[in-house]
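Hi everyone, thanks for coming. Let's look at this one together, beginning with the ligand and then moving to the protein core.

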Amino acid sequence: MSALSSDIKLLRDFSLQKHNTLALPACAEYFCSVNDVDQLYQALVFAKQNKLDIIPLGEGSNLVLATNIKGLVIALELKGKEAEIQDAEKVLVTLAAGENWHDAVAYCLEQGFFGLENLALIPGTVGAAPIQNIGAYGVELSDLFVSLTAVEIATGELVQLKARDCEFAYRSSIFKQRALDQYIIVSVCLELSQKPQINIDYPALKLALVGIQPNPKIVFDTVCRIRREKLPDPKQIPNVGSFFKNPIVSAAKQTQLLADYSSMPHYAQAQGLSKIPAAWLIEQCGYKGHRQGNVGVHDKQALVLVNFQGNGAELLALARRIEGDVKKKFDIELEIEPRIYGEPS
Ligand code: EPU
């Protein structure tokens, strides 16, 4: 707890439009930002005294605001990066929750701490990264994760959760499942390597690097380039990246689908399961580049819904329509990946 911490500033009916990368218009009943753990405690006490729900916020790059938000939105702006050399190879890097993820990846690369390059340019903060176990181009956060420190909301205690406690899975963790809304992450510790760790097995990355001897900087730059080609910059076209998870189907279902759609891309998973790109399913239903009023589907990546000055209800209506059409055509249930706040049931 910092002795220098100042009082938090509580705001009412605060617009979150600039605090979510979909730029959805919605207001928070109460809002404050916190720079350290002491300020976070102040916010939690205020919420408890006033019986308010708590909504932790990073850069708002993985949430959909369906309506105005009841409760206290706490913007986590804790900063700090620390490195602890373990031996000739290993280094532990601890990053505060409010650090921008991509800046942290670039910082580690500059320091010669390798392993995060494939995760370059993912929008959002460090504190949000474990919640959905961010992953891209063949690497997941869980591959490098050691532990995190979080405040347990019910008790106000600072706790440490190790990798096994976090129950990481594809685009999931305990924080999206049985510990939903129970913790606020304040820092994350990763184990990186001082020797280059090159992983270019992901098909698009491998293809981009044919004939090139890759080093970590080249991998980082190539991942940035591929992402910029396919994924819209949220500052220009508001979005939250992939709107749906890639569905995982049984071997029998894959065989049945391939009988009808022989060119369907599919990726083998553990236990004979198969991952099908949701982008392909959505594109087959005719949605790539589709616009519906003030919202739409990106023209270069069908998994990305975009907002052209619409609202949460319009965006979710489009998402539900896509889900319905994919279900009808392929008998596959898509699952929305970002957290939805305030959707009427
Ligand atoms: N595809 C289509 N149509 C499209 C786009 C893709 O048919 O419009 C097919 C192609 O066959 C392509 C395949 O889908 O080869 C996979 O596409 P891509 O490599 O773009 O990856 P993705 O499965 O759509 C996932 C992650 C991304 C991550 C990339 C790269 C999920 C939900 N999404 O997308 O993560 O950047 O792989 O690893 O797993 C995010 O979570 O926000 C995100 C962008």
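**Around the ligand**

A polar side-chain atom of Glu283 sits 2.6 Å from a nitrogen atom of the ligand; a polar contact here is a pair of N or O atoms within 3.5 Å. Before I go on: this is a predicted model, where local features need pLDDT of at least 70, side-chain atom pairs count only at pLDDT 80 or more, and totals for chains, interfaces and linings use all residues. Residues are numbered from 1 along each chain as its sequence is written, and side-chain values use heavy atoms, with hydrogens and water left out.

Tyr170 has a side-chain N or O atom 2.7 Å from an oxygen atom of the ligand, and Gln301 likewise places a side-chain N or O atom 2.7 Å from a ligand oxygen. The protein buries 83% of the 830 Å² that the ligand exposes when taken alone (Shrake-Rupley areas, 1.4 Å probe).

How many residues surround the ligand? There are 23, and Tyr137 and Arg171 are among the closest (near means a heavy atom within 4 Å). By class, 13 are nonpolar, four polar and six charged. Helix H6 (278–284) is one of the elements supplying at least two shell residues, and H6 gives the largest share, three.

**The core**

Now the largest nonpolar core: it has 44 residues, and Trp101 and Leu192 are among those with the most contacts inside it. Such a core joins buried residues (under 20% relative accessible area) through side-chain atoms within 4.5 Å. Helix H2 (101–111) is one of its contributors, with the largest share, six residues.

Key. Polar contact = N/O pair within 3.5 Å; in protein donor to acceptor, adjacent residues only side chain to side chain. Helix = DSSP H or I, 4+ residues; strand = E, 2+ residues; numbered from the N terminus. Nonpolar A, V, L, I, M, F, W, Y, C, P; charged D, E, K, R; others polar. Buried < 20%, exposed > 50% of the residue type's maximum accessible area, 1.4 Å probe, protein only.
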